[in-house]
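User: Hi! Could you walk me through a structure, one question at a time?

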Amino acid sequence: MEVCISHWTAVRWLLRNPNVRDRPDATAASAASPSVPEVAPGFEETRELLDALASYLRVDDQGERVIDVLVLRADGRRDHRGVTCHVCTSELPQGSVLSMGRRGYSLLVTSPELTFLQIAATEDMRIAAYVGMALCSSYRIDEFESSGLADRAHGDAPLTSVTQIAAYLRRVNGVHGVRAAWKALAYVRDGALSPPEGAIGVVAALPYALGG
């Protein structure tokens with residue numbers, strides 16, 4: 001099974017796991033794999049994924065758990081319960097997807113930079129800026145810590161940075177959502193130490209007309 005999680009599922013996974021780019025196999029897998037799988041998971045595969053990725057799923061308006069996946073072709077979409085398919089309509093540069101390194105599955109996750117672009121393309125700019133602060137932060141969400149957070153240190157580097165996101169946006173100029181991503185990135189800063197600090201940083205940076 002080859003699946004690429006994206007959008008909000010990717011946000012939740014990235015923020016709750018060590019930086020996969022620090023693993024040697026992540027770079028090798030990214031180079032060897034197609035940028036995006038052609039076909040979405042089937043019904044039985046989706047049931048397995050919903051259980052395997054239970055901590056990272058969003059809940060839709062009907063209260064159902066949903067996994068966001070990215071596919072290469074429109075005819076590769078599979079519209080069934082538990083899956084939201086997003087079609088990749090543009091060629092993406094190498095490194096846009098990363099291996100999750102999960103045994104028994106060939107699972108990929110959109111890179112922090114591509115994930116930020118996806119959120120900016122589909123959400124309000126303020127939400128995108130907040131997600132950007134989280135992706136560029138110095139913390140990782142960890143329910144086993146008393147504070148609910150862990151420092152990204154000792155081999156667990158921040159997922160990305162404002163500079164890295166900007167470089168990626170220049171590489172994908174013309175892709176849907178790039179303009180919105182540039183607007184949101186203007187309010188993102190590196191190094192937030194907690195979600196509240198990230199939220200305060202966004203509000204402080206926003207102009208008064210946008211709620212700052």
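This is a predicted model: local features need pLDDT of at least 70, side-chain atom pairs count only at pLDDT 80 or more; totals for chains, interfaces and linings use all residues.

User: How many disulfides does the count come to?

Analyst: Residues are numbered from 1 along each chain as its sequence is written, and side-chain values use heavy atoms, with hydrogens and water left out. A disulfide is a pair of cysteine sulfur atoms within 2.5 Å. By this rule, the count is 0 disulfides.

User: Is Cys-136 buried or exposed?

Analyst: Buried means under 20% relative accessible area, exposed over 50%, and partly exposed in between (1.4 Å probe, protein chains only). Cys-136 has 2% relative accessibility, so this residue counts as buried.

User: And Thr-160, which residues does it touch?

Analyst: Thr-160 sits in the loop between strand E8 (149-151) and helix H6 (162-171); helices (H or I, at least four residues) and strands (E, at least two) are DSSP runs, numbered from the N terminus. At 3% relative accessibility, Thr-160 is buried. Contact means heavy atoms within 4.5 Å. Leaving out residues up to four places away in sequence, Thr-160 touches Pro-112, Glu-113, Leu-135, Cys-136 and Ile-165.
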